[in-house]
Amino acid sequence: MELPGSQEDVYNPFSTTGLSLSLFNLQESESENKLDAETASDSESKSEFGGSAPVPTSDDTPEVLNRALSNLSSRWKNWWVRGILTLAMITFFFIIIYLGPMVLMTIVMCVQIKCFHEIITIGYNVYHSYDLPWFRTLSWYFLLCVNYFFYGETVTDYFFTLVQREEPLRILSKYHRFISFALYLTGFCMFVLSLVKKHYRLQFYMFGWTHVTLLIVVTQSHLIIHNLFEGMIWFIVPISCVICNDIMAYMFGFFFGRTPLIKLSPKKTWEGFIGGFFATVLFGLLLSYVMSGYRCFTCPVEFNNDTNSFTVDCEPSELFQLQEYNIPLVLQSVVGWKTVRMYPFQIHSIALSTFASLIGPFGGFFASGFKRAFKIKDFANTIPGHGGIMDRFDCQYLMATFVNVYIASFIRGPNPSKLIQQFLTLRPDQQLHIFNTLKAHLVDKGMLGSLEDA
């Protein structure tokens with residue numbers, strides 16, 4: 001992706017009458033010189049923005065690891081550094097899961113901000129070079145506006161009773177979308193006022209840069225939180241499948257990789273891609289079987305108005321109850337079983353792990369193409385051996401969208417508790433009307449006695 005530099009409009013009004021040939025040639029020469037200068041400026045802009053690394057990377061491996069692995073080749077040193085840091089990140093992941101959904105949502109928010117920072121920092125290199133007014137300020141302002149909108153929608157949806165109970169929150173909830181739109185319009189007007197004649201095109205490029213970053217980062221993190229509210233299993237299993245595929249594809253590629261997979265990532269191999277797929281599907285089945293037996297993972301995350309805290313206690317749905325399935329005749333002779341007992345969620349886990357293995361990596365390929373376009377190795381150097389936070393979450397964002405769409409298409413049904421919450425906020429006459437309508441419907445279905453008996 002190349003962002004050309006600014007170009008001023010060339011305006012040479014030639015009169016067709018009363019001009020001598022020498023005057024015409026003089027104006028034509030000046031026009032060509034001006035155009036050449038603009039072309040040079042454009043090339044310089046391309047060079048400054050895309051020709052150098054906006055985010056320089058360096059070897060920031062901890063000194064302890066450098067000394068311990070000093071005798072190894074760079075290939076094996078990188079393998080051990082990545083392995084140790086991966087184990088550390090997995091341990092941290094288990095800790096935040098143990099701390100509960102509120103901590104998980106806070107971590108998602110922090111990761112979102114860090115990813116946004118890493119992408120915007122690349123664009124900031126242009127701001128720094130051309131002194132574009134307000135670029136960084138407006139980028140963070142739009143991040144604030146979008147988060148206010150999405151998290152406000154989430155609070156209204158999942159904390160409905162609490163919002164209705166507190167008068168300030170009720171007012172903010174009622175006019176939430178209008179306030180969000182007003183905030184965005186303020187930023188939009190600030191951008192228009194910041195336009196500089198010499199840099200119109202470049203400023204609009206950066207305006208689009210910010211909005212695409214918001215679309216990729218903020219929207220996807222919002223979907224991750226929605227998945228979390230459906231039950232922690234819908235949060236943990238997809239993320240774990242992506243992590244497993246990343247690890248196993250690296251392992252298979254490291255030891256058996258011979259055939260390049262895609263030019264965008266020369267180190268990716270078909271052996272790693274295929275080995276990661278089968279390992280991830282197996283891992284997804286096993287992890288789903290373990291987690292489906294615990295209510296703390298399978299129950300939706302709901303807010304308890306009595307205790308003012310989150311609860312994950314419920315009667316497990318059929319999705320998380322063991323059922324007996326007949327094994328196809330073709331496989332019965334191989335495994336020696338006619339039936340198998342498993343959770344229905346395990347079948348859904350096959351779809352999740354398949355997407356994480358076959359489609360999820362394309363999020364990483366997309367990020368690789370982005371980094372190659374700007375000639376950078378990593379988005380940042382936050383994690384030694386792994387790059388920035390965005391380098392670790394490029395596949396997770398694509399996975400979050402799939403899980404949210406999958407739940408909405410195949411899993412989620414009407415939520416009785418939310419319907420009751422909304423029903424209780426209606427006026428008494430509206431509640432009575434709905435009650436009579438529902439009663440008449442149940443009588444017609446034969447589920448209640450006749451209206452006369454009632």
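Rings of Phe, Tyr and Trp (its six-membered ring) pair if their centres lie within 6.5 Å; planes under 30 degrees apart count as stacked, over 60 as edge-to-face and the rest as tilted. The model is predicted: local features need pLDDT of at least 70, side-chain atom pairs count only at pLDDT 80 or more, and totals for chains, interfaces and linings use all residues. Residues are numbered from 1 along each chain as its sequence is written, and side-chain values use heavy atoms, without hydrogens and water.

**Exercise 1.** Identify the cluster that ring pairs build from Tyr 141.

*Solution.* Ring pairs join Tyr 141 with Phe 142, Tyr 184, Phe 188, Phe 191, Phe 204 and Phe 207 in a cluster.

**Exercise 2.** State how many aromatic pairs the structure holds, then classify the pair of Phe 149 and Phe 150.

*Solution.* Step 1: the count is 27 aromatic pairs. Step 2: the ring centres of Phe 149 and Phe 150 are 5.3 Å apart and the planes stand at 65°, so this pair is edge-to-face. Step 3: burial is judged by relative accessible area (buried under 20%, exposed over 50%, partly exposed in between; 1.4 Å probe, protein chains only). Phe 149, at 27%, is therefore partly exposed, whereas Phe 150, at 17%, is buried.

**Exercise 3.** Classify the pair of Phe 320 and Phe 345 and locate both residues.

*Solution.* Step 1: with 5.4 Å centre to centre and 35° between the planes, the pair is tilted. Step 2: Phe 320 lies in the loop between β4 (309-311) and β5 (323-326), and Phe 345 in helix α14 (residues 344-358), so the pair ties together parts 25 residues apart in sequence. Helices (H or I, at least four residues) and strands (E, at least two) are DSSP runs, numbered from the N terminus. Step 3: Phe 320 and Phe 345 are both buried.
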